[in-house]
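Here's a quick briefing to read alongside the model. Have the sequence and the 3D view open as you go.

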Amino acid sequence: MAGRSLKWLPWAVAAGAGVPAVNLVVSAATGHLGANPVEAALNRLGLTTLVFLLATLACTPVRLVTGWTWPARVRRTLGLSAFAYATLHLSFYVGMDQGLDFAAVARDIGARKFQWAGLAAYLSLVPLALTSTNSSVRRLGFLRWQRLHRLAYAAGVLGVFHFFLRVKRDVTEPALYAAVLGALFLVRGVFAVRKQRAAAARK
């Protein structure tokens, strides 16, 4: 009964995930993106991507700490939302910021560390999005699929690194995101050690 009652949850999360995009469109249409609307839009899309990515990574630690099962129900939706906003972020950069000048994009990525960190983070998310279906789990096998999806943590590290390099001066905000990511790593590490010790004790 409880499982059926939560079927609405992924749909609610998906609907909520669209709010930042709608808000961005409204801000752009009403001229509320400031003196540099392209940069403001890029920053919003990038930050939204990072928020959804960290929310995705938080699902398992929250389940481990609390015993709740509902985070597993929304993890896929959160992950696909992170990928969607990452795709919008990259597309906006290539299309609006660089005017579809792919040579300029290549030069920019080669010249600036924060750009290649962002691209590497995006490329880490691509195989996760492509294998997000139940059929992919069956095709790959759960253990192989699980190992592949640990790339989400690499994407998180690269995303935070991208943020750090982008802001240059006041790193307070990226430092907060780094602290959250570190806490998620810590929780998973602690529970992994506990699991290993419990397994060793049973032998």
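This is a predicted model: local features need pLDDT of at least 70, side-chain atom pairs count only at pLDDT 80 or more; totals for chains, interfaces and linings use all residues.

Residues are numbered from 1 along each chain as its sequence is written, and side-chain values use heavy atoms, with hydrogens and water left out.

**The chain as a whole**

- The chain has 11 helices and zero strands; helices (H or I, at least four residues) and strands (E, at least two) are DSSP runs, numbered from the N terminus.
- Its C-alpha atoms fill a box of roughly 60 × 40 × 35 Å, taken along the principal axes.
- Of the 203 residues, 33% are buried, meaning under 20% relative accessible area (1.4 Å probe, protein chains only).
- Among contacts (heavy atoms within 4.5 Å) with a separation of 6 or more, 66% come from residues 24 or more positions apart.

**H4 against H11**

- Helix H4 (residues 37-66) packs on helix H11 (residues 172-202) at about 25°, with the axes 9 Å apart; axes are lines fitted to C-alpha atoms, for helices over the stretch in contact, and angles run from 0 to 180 degrees between N-to-C directions.
- That makes H4 roughly parallel to H11, a label for angles under 35 degrees.
- The crossing of H4 and H11 is left-handed, so the near helix is turned anticlockwise from the far one by less than a right angle.
- On the H4 side the contact includes Leu47, Leu50 and Leu57, and on the H11 side Tyr177, Leu184 and Phe191 are among the residues.
- By class, this contact of H4 with H11 has 15 nonpolar, one polar and two charged residues; Ala, Val, Leu, Ile, Met, Phe, Trp, Tyr, Cys and Pro count as nonpolar, Asp, Glu, Lys and Arg as charged, and the others, Gly among them, as polar.

**H4 against H10**

- H4 also packs with helix H10 (residues 151-167), at an angle of about 145° and with axes 10 Å apart.
- Residues in this contact include Glu39, Asn43 and Leu47 of H4, plus Gly156, Gly159 and Arg166 of H10.
- The contact of H4 with H10 divides into 10 nonpolar, three polar and two charged residues.

**Asp108**

- Asp108 sits in helix H6 (residues 102-111) and is buried, at 11% relative accessible area.
- Leaving aside residues up to four places away in sequence, Asp108 touches Tyr93, Gln98 and Gln115.

Key:
Angles under 35 degrees count as roughly parallel, over 145 as roughly antiparallel, 65 to 115 as roughly perpendicular and the rest as oblique. Buried means under 20% relative accessible area, exposed over 50%, partly exposed in between (1.4 Å probe, protein chains only).
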